[in-house]
Structure formats: structure tokens, C-alpha cells
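Hi,

Here is the structure I promised to pass on to you.

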Amino acid sequence: MTKLALSYHHTLFHILTPTSTTHSHLPFHSEFLHRRRHHHHLPILRRSLSVVAKAKTKELILGNPSVTVEKGKYSYDVETLINKLSSLPPRGSIARCLDAFKNKLSLSDFSLVFKEFALRGDWQRSLRLFKYMQRQIWCKPNEHIYSLIIGILGREGLLDKSAEIFDEMAAHSVARTVLSYTAIINAYGRNGQYEVAMELLERMKVDRILPNILTYNTVINACARGGYSWEGLLSLFGEMRHEGVQPDLVTYNTLLSACSNRGLGDEAEMVFRTMNESGVLPDITTYSYLVDTFGKLEKLEKVSELLGEMEAEGNLPEIMSYNVLLDAYAHSGKIKESMVVFRQMQGAGCIPNAGTYSILLSLFGKNGRYDEVRELFLEMKVSNTEPDADTYNILIEVFGEGGYFKEVVTLFHDMVEENVEPNMETYEGLIYSCGKGGLHEDAKRILLHMSEKGLVPSCKAYTGVIESYGQAALYEEALVAFNTMNEVGSMPTIETYNSLIHSFAKGGLYKESEAILSRMSELGVPRNRDSLNGVIEAYRQGGQFEEAIKAYVNMEKVRCDPDEYTLEAVLSVYCFVGLVDESEEQFRQIKELGIQPSVMCYCMMLAVYAKADRWDMANELLNEMHTNRASNIHQVIGQMIKGDFDDAGNWQMVEYVFDKLNSEGCGLGIRFYNTILEALWCLGQKKRAAKVLSEATKRGLYPELYRKNKLIWSVDVHRMWPGGACTATSVWLNDIQELLINGGELPQLATAVVVGQMERSSITRDFPVSKAVYSLLKDVSSSFCFPGWNKGRIICHKSQLKRIFSKDAEIENIVGLSNSPFPFSGTRTPPPREVKQNSSSDAKEKSFRANTELMTSGV
């Protein structure tokens, strides 16, 4: 067999997976030494192969004339012929096409043409060319060409045509050798006809043509794939050894593949030992089959034993063998066993590579063991194992999912210092983490770094940048990033649009959210549940409660089933309005759906009960949180609200819960803290609310909250709920007072930002946050007012500030922030001023209740 032919047929042979069967087990070595006899021996073929199998019907597939061969891949003549044949019409003359090449091309050149058509799956042109060559003298096909065309037809399942070509060889005086026999055996074997493949093997022997290693591997593979018995496979294995054909790596891997699919652990162990005794070195495929076999049997420790035997015999396994086993343990989440293998390989003197460490880093990260991840990465660097881009990508993903967003950015700087080239996955992971963590400055710098490298950011990267701006309430910057994305040809996805919608929603910018939805409709981008959840949130934050409920009802029209987020958003609408009955019904529905109401749901209900003076219900709900065995978070937050963790030692438990939730990113964080602050403020736990607000800002939430310079001190509460907004405003006023007491200079203007971007609209005064903060500031002084030039700000000038704070100079805090004793029973009588202020809102509440009853009746 020529070198070229061997190369070609090795490309034909692939390890195929046999179907799973159950068989009894015969002694391995005895079967290896005997040929197949009695029932394993099939009768020799006495007939033409063309009647063995009927052809599969195939539709004619015309070549694409636009497909041209890569320049420089072949010689000029071969390249020209391929291109001419590719553009030849179905009934075009091949003879005329080849006239110009007569006596210029060798059979080796024609073999290249057939291989090119094989890569394209163009069996029609291959067959037409072959038929033309059969009629010629100058390019009469040899056995190699016959083998190629048989292989091409076999890959397409055209067994009758393959058999016909094989049968024609004798008529065209082309002697059959092991080459052509192997080609036809492979054709039948790859199409699941292993019985015919075995008959052809017997026919070879009758024709006194000795099968070679490729022939036997092809037959064994076909039999394993077709479900031939394990004993039969061993018989074939023994037969080839008896014939003097030594099994190679492909042979052993084929048998191990059969063991893997049939769950034959003992047999796999014997095959592997025989392989080592024969001096055949295993490869990564070998170990993959071993791990797969024993993994299914839940006996992965057996693979460690086999590796240990190799170590003891002085045959040190390659690093890939340990990595495959490590990966299997990692997929099962078995940290202890993974570390045992890791130390085993180190003890054997096998140096871990970047792939080894990557597997372990990912395993520790998925289990939330971030300290071990850091230690392991340090060990990797100390051991002079150079991290690659994949290693950094895993670390970026691990710490990003864990909420260590700034550490992700540090990893990027470390990567650049180590001269490890980031890839697109790196940039996407980095910017995604910056998006979750609201690190817009870092996201912008990473985007600039990509531009300097000549990389066009993907839509995922741009979405992360937009997300980061949205988390920091930088709406204009988010829109600029969105427009830039379109300009550079990175098309926005549904996630991009949803990111914008949710950014606007948190600030109550419902008109902007509506505009994004309209843009999506114009461009044919279908809105999904996440889009509509954002719209509901936008309407609620903007005080458009009826529109929020309408959006919820309309979800059914666009075939979007509500999820837990949707139900929470609707509950928040009822909470803002103070509808107790509707809130209770919604809370009950969440439970009836089998969903554990989140801490946010409980806090909303506590706020509703507090507003309605239903202290018994609030107390009952807090007890329910405290006794919740399914969630430690519910227990801790419930106890924190009641004041059980106020001392420094116990407060660490509250901090631990807040840190755990930090991994979910700013999006969930803002919703989480808004609901807790709402509950605390409404329950009269104002000092505790201020402490929780401090924890939120410490974790990077509400970056826009407090800003000050010589001219202006501002508190921006437009993304908070009324309770949180009142808490933040109170802290802000007390800080201004403290500044004055300590001899500091007051700013020219104090500003409370209660609306995002719709400053000129008069309706902004009706925003829930706007009304709550305005009422609080008016209680402090009538000097606070909405200026004519900006309806989204409440301001007070320096001269007025001095009068306010000098008048109350003896008071420790201008706004008292204390924790009222929690009333375990009874009701609270609101002061007359509060009753008067709420008289108009009561009428609005009744109107909203009537409208929502009509709308939700269809849900």
C-alpha cells in the first residue's frame, strides 16, 4: 500500500460508538489467542456485491459554481481543473472540460481532485469524473482512484454504487488489494452493515489478500458500532493477532469505546492492561473512554488505581491522563477527590499545566470557595506554570459570578502585565462583570483597550457597557454607547434592549422605556418577559400604577408567562398604593404557585401592613420570616428588622447576608435594599434604616446618592422607594447640620434630586418618591421648594439653610433617626397632619382599586 493511500484511508476511519448491549464475559487472554470459529464464521460471498444492499435514494445536489478552491492549495493545473469542474453545468461535457489537460495530469493529480470533492460532499461530480476516466487510456483509474471513489460514495450511504465500482475492478483489469478491500469494508461498516463487512473480510482471505491493521480496525469498529457481541469483538481481536497483525492505538481505543458504551468495567480494565503490556502508549482518547466507563459505574477511583500501576511500573502517565480524570471529578463537584488526584500527579513527578489548574480553579469557584481559588492561583504562579487566556477567563467568570467585580478588573491588569493576550471571551467576561457591578469607568477603559487593539466589541461587550452605565444612573452615556454600537455594526440583541429598559425603569423613566419598546417593534425585535417586567417596574416607579397593571394584563396577549420577578413587580405596585387586600391576594398567589416568596416580598408586605396600622399582621409575618427553615436570609433579615442584631457582634450576620447578595449584582441589589428600607421606614425603624443604607452604599449601590462640592450638595433619591428616599434625605440633612456645627462652610445650594431626566414635566411632582421627599423637607422648612426651572429637583439656598440650621442648633439631629419600639399588637393612630395630607391620595387609591379590579379579572 502506498504512503498516500494509507494517509487517505486513515482519514476515512473514525472511532464510532457502538450501541449498548449486555453480554457475558469471557476470559480475555484466551480469546485473544484463538481465531473465530463455528457461529462467528460467516459464509464467503459468492455473488456480486452490487446485490448485497440497495441504494439509499439521494436527491441530486448541484455544485455551487461560486465555490472556488483556495489559491495555492494545489498546483495550477489541479486548481484550474477543480474550478472548471465546479462551475460545470449538470449536463455539461466533462470530456471538453478535460481536453485542455490531456496528458498533463497524473493519477496523483486526479486523486487530489477527488479529495477536494470529497471534502465538499460532491459525489455527483466525483462519479461523473470517474466514469469519464474509465473510458480513457491516458487517465485510466488505478486501485487508489477506485478506493477514493468507493470511499466518497460510502460516506454518502450509496452502497449499491460503491459495490458496483468495486465489482467493476476485475472487468477493467484493476487488481484488488488490501487497499480497495479496506475501502469497501469501510463503506459498509460506516453505514451500520457490519455483517457485510465481516463477509468481505472472509472474502479477502479467500482471495489470498492479507488484511492489514486498517482493515481489522475498520471491521472491529463497524462491529462495535453495530452492537456485535463483546465476545465477537474479542474473537476478531484474537484473530488479527493470530494473523500477525499487531493491534495499535486505534484498535485499543475502539475496544475501550465499546466498553464505555456498554458499561463493561472489568473488560475495560483488562483492555487497558493489555495495551500497556503491548507497549502501546495511551492518548487522551484512551483516558477519556476509561473515565467515561468508570464514571458511569461510579468507580472513578479505579482510573486512579490504573494510573498508579503505570507510575509503579515506571511508565509515567502524561499530564492529559490526570487532567481527564480531574475534569470528571470536577463535573461531579467532588473537590476532595480532585485534590487527591492533583497531589497524586505531583507526587509522581508530573508537573501540572495551565489546563490542570484551570479545572481546579473552576471547581473551587463553582462551589463558592474563593479563598482556595486565590491560593491555588498563587500556587500556580509560584510553580512557574504560566497562566493562559483560558485560565484568566475562568478566574474572571468565577469572581464575576461571586460578586468580586473589582477583583475581576484587577485580574485584567495582571493579565496585561503578564503579556497574556486577552481574547473576545476575556473582554466579554470583563465587561459583563463591570455591568453587573456598575463599574462604568472600568468598562469604558476596557472598551478603549479593545479599540486600541483594533478589535470591534461584540454585542455582548456593548451590552455590558450599557448595563454598567445603567447601574450608575448614567442614562445619556448608556444611550451614547447604544448608538455607537449601531454605528460600528454591532447589532443590538434582545438583551441589549432589555438592559436599557431596566436602566430607565429603576429611575421611573417610563416614557424612555416606552420609546425603547417602540424601537424594538419598529425593528422587528420581539419583546419578551424580561422586557415587560422592566416596563411594569418603570410605570410603578413613575407613579403610573394603572399603566403598570395594564402592562401585566397585556403580557398574556404577547404570550409571555409571568415569572417570579413579574409577580414581585405587581406586588410592589400594590405596595406603593397601599392596597392591603390586593397585596395579600398577590402574596398568596405567589405561595400557591409553589414559589417561596423572597425577602423582598416579605418586606413589601410589612410596609403595606405598617401603612395600614395592621401591626398584628406585621408581627405574624415577621415571625413567619424568623421560623423559615428553608432560607437563612429570611431569618436574618426578619430578626434584623426587629432589632435582634443591632450590636456589633451580631450585625456581622447581617453583613454576611448582604455580602452573599452582592454576587447577584447591582440590579437585584437596588431592588433588595429598596424593599428593606421601605419596610424599616414604615415600621418606624429609622436608625436601623440609616445603618442598612450605609451598608448598601458601602457595597457600591446608589453611586449617585451623595455628591458635594463648594457650590452644591445633593442627594439623588430618584431610584429609591419612598422609605429609602426619606432615609437618605434625613441622613443628608443631618450631615449638613453636622458640617455647620463643626465650623464648615455651607454650599450655595442644597438639592434633592427626585426625578431622573423628565425635569421639565409638571407630572413629576406626583411621582411617589417626589411626594414623599417633598413632604419630609416641608416638615423641616417651607424654604425647600421646586424651582421653576427644574421640576425634578427640590432646592434650598445657602441663606435659607443658615436660618434653618441656626434655629435648630441645639438639636442633635434636625431629623430624628431613632428606632420606635415595635408594637407587637394594637394599632397606631396617625397624627392629624398625616390624615389631612392623605385625604386626596385616599380618593386616588379608591379609583385605582376600582380600575385594577376590572383589569386583573381577566388575568
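F587 and Y602 are both buried, where buried means under 20% relative accessible area, exposed over 50% and partly exposed in between (1.4 Å probe, protein chains only). Their ring centres lie 5.2 Å apart with the planes at 80°, so this pair is edge-to-face. For the terms: rings of Phe, Tyr and Trp (its six-membered ring) pair if their centres lie within 6.5 Å, and planes under 30 degrees apart count as stacked, over 60 as edge-to-face and the rest as tilted. F587 belongs to helix α32 (residues 580–592) and Y602 to helix α33 (residues 599–611), so the contact ties together parts that are 15 residues apart in sequence. Helices here are DSSP runs (H or I, at least four residues), as strands are (E, at least two), numbered from the N terminus.

Before you read on, please keep in mind that this is a predicted model: local features need pLDDT of at least 70, side-chain atom pairs count only at pLDDT 80 or more, and totals for chains, interfaces and linings use all residues. Residues are numbered from 1 along each chain as its sequence is written, and side-chain values use heavy atoms, with hydrogens and water left out.

Back to the rings. Searching the whole structure gives 23 aromatic pairs. One of them joins Y510 and Y539, with centres 5.8 Å apart and planes at 35°, so it counts as tilted. This pair links distant parts of the chain, since Y510 is in helix α28 (residues 510–523) and Y539 is in helix α29 (residues 529–541), 29 residues apart. Y510 and Y539 are both buried. There is also an aromatic cluster formed by Y370, F399 and Y404.

R671 has its charged end over the ring of Y565, 4.0 Å from the centre. R176 lies over the face of F166, 4.4 Å from the ring centre.

Now for the charged pairs. The structure holds 33 salt bridges, each a side-chain nitrogen of Lys or Arg within 4 Å of a carboxyl oxygen of Asp or Glu.

- K205 is partly exposed at 21% relative accessibility, whereas E239 is buried at 1%.
- E421 is in the loop between α22 (405–417) and α23 (424–437), and K453 is in the loop between α24 (440–452) and α25 (459–471), 32 residues apart. E421 is exposed, with a relative accessible area of 52%, and K453 is partly exposed, with 45%.
- K591 is in helix α32 and E624 in helix α34 (residues 615–626), 33 residues apart. K591 is partly exposed at 38% relative accessible area, and E624 is partly exposed at 27%.

Happy browsing, and do write back with any questions.

Best wishes

Technical notes. Lys NZ or Arg CZ within 6 Å of the ring centre and 35° of its normal.
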